[in-house]
Amino acid sequence: MRLRKSLVLLSLVLPRIAVAEGWETQISRAVELPSHQWLEQLRTSPDTALNSFTTDGCSGGMSSLWSFMAERYPGFAEALGGTPPWEECCVTHDRAYHDAGADPAAEASFEARLEADGVLQSCVEATSSPQDEILRTEYGLSEAQVRKAYSAIAVAMYQAVRLGGGPCTGLPWRWGYGYPQCWQRPE
């Protein structure tokens, strides 16, 4: 348990001190690879089966809070819709996280997760919706400001999934959540 707490603390601190390009990914790989190895053992076990796909839209309460606001405040729903405009990006990301990539090998799993998180960020940045015009008109934002807002949201989402989405964490939104929990090292 001390090791897990140390790894979590390390994952919070290291991205802030990474100075060389690629260093953050190298550190992330070193910290995260043991969990991918545990997941690999689980995935290649003949007793392990992939569960049916489920999604909560955008995790961390983003979709549920957005829906709550839309139900409670009609003006919010009118201006911004009933779900986040990038929710389909989240569902696509959930599909990648559900099965943890095609190749169960730990290194391939790490790379697949990194790619899935990058795709999520790019998808959110590229999002446009009918609400964009409302944002420009209602709040006096330029197209560049709307794009900047999407970009900021995309970066925050990327950082959140990199920090909280690793395999074998016991969290419901972890990498490989379609498989049974693997938060304890297999014997």
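Where in the chain is the place of threonine 127? The place of this residue is in the loop between α6 and α7, the latter covering residues 131-139. The model is a predicted one. Threonine 127 has a relative accessible area of 7%, so it falls under the 20% limit and counts as buried. Leaving aside residues up to four places away in sequence, threonine 127 touches Pro85, Trp86, Cys89, Asp132, Arg147 and Tyr150. Several of these names return below: Cys89 is part of a disulfide with cysteine 123, while Arg147 and Tyr150 belong to the α8 side of a helix contact.

The overall plan comes next. The chain has eight helices and zero strands, and its elements, read from the N terminus, run α-α-α-α-α-α-α-α. Of its 187 residues, 34% count as buried. Among the contacts in the chain with a separation of 6 or more, 72% are between residues 24 or more positions apart.

Two helix pairs can be followed in detail. Two packed helices are described by the angle between their axes and the distance between the axes. For α5 and α6, the axes come within 9 Å and cross at roughly 175 degrees. Angles over 145 degrees count as roughly antiparallel, and α5 and α6 are therefore described that way. On the α5 side the contact is made by Cys89, Cys90, His93, Ala96 and Tyr97, and these meet Arg113, Ala116, Asp117, Leu120, Cys123 and Val124 in α6. By class, the residues of this contact of α5 with α6 are eight nonpolar, one polar and two charged.

Helix α6 also packs against α8. The axes of α6 and α8 come within 7 Å, with a crossing angle of roughly 160 degrees. This pair is therefore roughly antiparallel as well, and the crossing of α6 and α8 is right-handed. From α6, the contact takes in Phe110, Arg113, Leu114, Asp117, Gly118, Leu120, Gln121, Val124, Glu125 and Ala126. From α8, it takes in Arg147, Tyr150, Ser151, Ile153, Ala154, Val155, Met157, Tyr158, Val161 and Arg162. The contact of α6 with α8 has twelve nonpolar, three polar and five charged residues. Arg113, Asp117, Leu120 and Val124 are among the α6 residues that meet α5, and they are also among the α6 residues in the contact with α8.

How many disulfides does a search of the whole structure find? The search finds three. A disulfide is a covalent bond between the sulfur atoms of two cysteines. One of them joins cysteine 58 to cysteine 90, with an S to S distance of 2.0 Å. This pair links distant parts of the chain, 32 residues apart: cysteine 58 is in the loop between α2 (23-43) and α3 (62-72), and cysteine 90 is in helix α5, residues 87-99. The link is right-handed, with 90 degrees about the S-S bond, and both cysteine 58 and cysteine 90 are buried.

Cysteine 89 is bonded to cysteine 123, their sulfur atoms 2.0 Å apart. Is each end buried or partly exposed? Cysteine 89 is buried at 6% relative accessible area, whereas cysteine 123, at 31%, counts as partly exposed. Both cysteines are also listed in the contact of α5 with α6.

Another disulfide is formed by cysteine 168 and cysteine 182, with sulfur atoms 2.0 Å apart. Both cysteines lie in the segment after α8 (143-164), so the pair ties together parts that are 14 residues apart in sequence. A torsion of about -90 degrees about the S-S bond makes the disulfide of cysteine 168 and cysteine 182 left-handed. Cysteine 168 and cysteine 182 are buried. With the bonded cysteines numbered in sequence order, the pairing is 1-3, 2-4, 5-6.

The segment after α8 also holds glycine 165, which is buried with a relative accessible area of 2%. Not counting residues up to four places away in sequence, glycine 165 touches Tyr97, Arg113, Ala160, Trp173, Arg174 and Trp175. Glycine 165 and glycine 176 are eleven residues apart in sequence, and their C-alpha atoms are 9.3 Å apart in space.

Key:
Residues numbered from 1 in each chain as written. Predicted model: local features only at pLDDT ≥ 70, side-chain atom pairs only at ≥ 80, totals over all residues. Heavy atoms only, no water. Disulfide = S-S within 2.5 Å. Helix = DSSP H or I, 4+ residues; strand = E, 2+ residues; numbered from the N terminus. Buried < 20%, exposed > 50% of the residue type's maximum accessible area, 1.4 Å probe, protein only. Axes fitted to C-alpha atoms, helices over the stretch in contact; angles between N-to-C directions. Parallel < 35°, antiparallel > 145°, perpendicular 65-115°, else oblique. Left-handed = near helix turned anticlockwise from the far one by under 90°. Contact = heavy atoms within 4.5 Å. Nonpolar A, V, L, I, M, F, W, Y, C, P; charged D, E, K, R; others polar.
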